[in-house]
Amino acid sequence: MKLKAIILCMGVVGCLIFTCCGKSTSFSRNSHLALNDSNYFETRGLNFFVFSNLYDATFDDSKISAVEIIHHGIRTATNGDVRMNPTPGQWDKLPKFVERIPDKEHNRIDVMLEYPEYNFEYKLTGEARDGGFYLSVNVDKPLPEALHGIAGLNMEFMPPVFFGHSYIIDGKHGLFPTSPADFMTTINGEVEPTPMATGKLIDIAPDEPLKHITIRTTDDNNLSLFDGRNKQQNGNFVVRTLLPAGKTGKIAEWFITAETQSDWVRKPVVSYSQVGYHPTQKKVAVVELDKNDKPLSTVSLY
C-alpha cells in the first residue's frame, strides 16, 4: 500500500512539472480594484481592507486592523493608519474610530478617526483608481503642535513574508534582515529605531512577483522604512510618512501598486467545527473555493 501511494505521488508530481513547463504565467502591475458588495477592494490576487477590522482595545498590536493588504491569499500588510510611533507596540496610543463611509460609485472608502487627547481629528481615505490604490490623510485643521514630528501615516509589513527578499528605495538596494540590528534614537521621550532607508518611492520584494508591492508619495513627503523588531519581539517592518505641520486638506498621500498573477486561484480551504460534534450530530465539512475555481463533481475523504 505504501509503495502504491509513493508511485502515485511521484506520478502526480511528474505530471505537474510537465504541465507547468509548458505553461507561462503572466503578472500585471495594473490592478483593476473595485469596491465589492462586502465593502472591501477586490481584484484577482489582491484585496485592500479599509477598516473592515477595527482595533482591539484589549490587545492593541493584534495587527489585523485599519488598512490591510491581502496579496495572493496572504495578509502581507496591516495597520495602515495615523500612529504616534514609528513602530507602534501593544501599549502605544490608538485612534478612536468614529465612522466608516463606503462609496461604491466613486470606488472609495472614507474613515473618520480622532485622537481626543490631542484634539486631533482626521479622515483616512482609500480610493482605487489609475491601476492602483491611493491612501491619504485629510484634515480640516493643521496638525496640533504637540504632534509635530510625532504623528505619521504608517503601514506594517509582516517580516516572515519578506525574509530574504530585497527592497529598493529611490534606487538604493537593501535586503530585509532576518534579525534586527539598527541604531536606536529617542523620539518624544521614547526609544525608537532609526530608519533602514528613506526616500520617495519604495519597491518591496521586487524579486518576487507574488509579493511585489510599490509605494510612492504623491507630494513632497518622504517614506521611511523601519524594523519594528528593534523595539519589540512581534514588531513588523513599517513604512512611514511624517505628517507635515501647518497644512490642511490632503496632507499626506501614498499611491500603492501590487503585482498580481493574472490566473491566480486560491487553494481550496476545508472548514469544520473547531468545537467538535455531538455523537448523534452529522459531521459536516465545508470546502471553500476561490470564485475563479471550478468545483470537482466529487469529493474524496482520506
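Asp227 is buried, at 0% relative accessibility (buried means under 20% relative accessible area, exposed over 50%, partly exposed in between; 1.4 Å probe, protein chains only). Arg229 also counts as buried, at 13% relative accessibility. The side chains of Asp227 and Arg229 meet in a salt bridge, 2.7 Å from N to O (a salt bridge is a side-chain nitrogen of Lys or Arg within 4 Å of a carboxyl oxygen of Asp or Glu).

The model is predicted: local features need pLDDT of at least 70, side-chain atom pairs count only at pLDDT 80 or more, and totals for chains, interfaces and linings use all residues. Residues are numbered from 1 along each chain as its sequence is written, and side-chain values use heavy atoms, with hydrogens and water left out.

Across the whole structure, the search finds 13 salt bridges. One of them pairs Glu42 with Lys291, at 3.4 Å from N to O. This pair links distant parts of the chain, 249 residues apart. Glu42 lies in strand E3 (residues 41-43), and Lys291 in the segment after strand E24 (286-288). Helices (H or I, at least four residues) and strands (E, at least two) are DSSP runs, numbered from the N terminus. Glu42 is partly exposed, with a relative accessible area of 23%. Lys291 is exposed, at 66%.

A further salt bridge joins Arg108 and Asp110, whose closest N and O atoms are 2.9 Å apart. Arg108 is partly exposed, with a relative accessible area of 21%. Asp110 is buried, at 12%.

Strand E8 spans residues 108-115. E8 pairs with E9 in the antiparallel sense, over eight bridges (two strands pair if DSSP finds at least two bridges between them). Within this pairing, Ile109 stands opposite Gly126 in E9. The two strands form a hairpin with four residues between them. In the turn, Asn119 has a positive phi of about 55°.

Strand E9 (residues 120-129) is mostly covered. Seven of its ten residues are buried. On to strand E10 (residues 132-139), E9 is joined by seven bridges, and the two strands run antiparallel. Arg129 stands opposite Gly132 in E10. The hairpin of E9 and E10 has two residues between the strands. There, Asp130 takes a positive phi near 60°.
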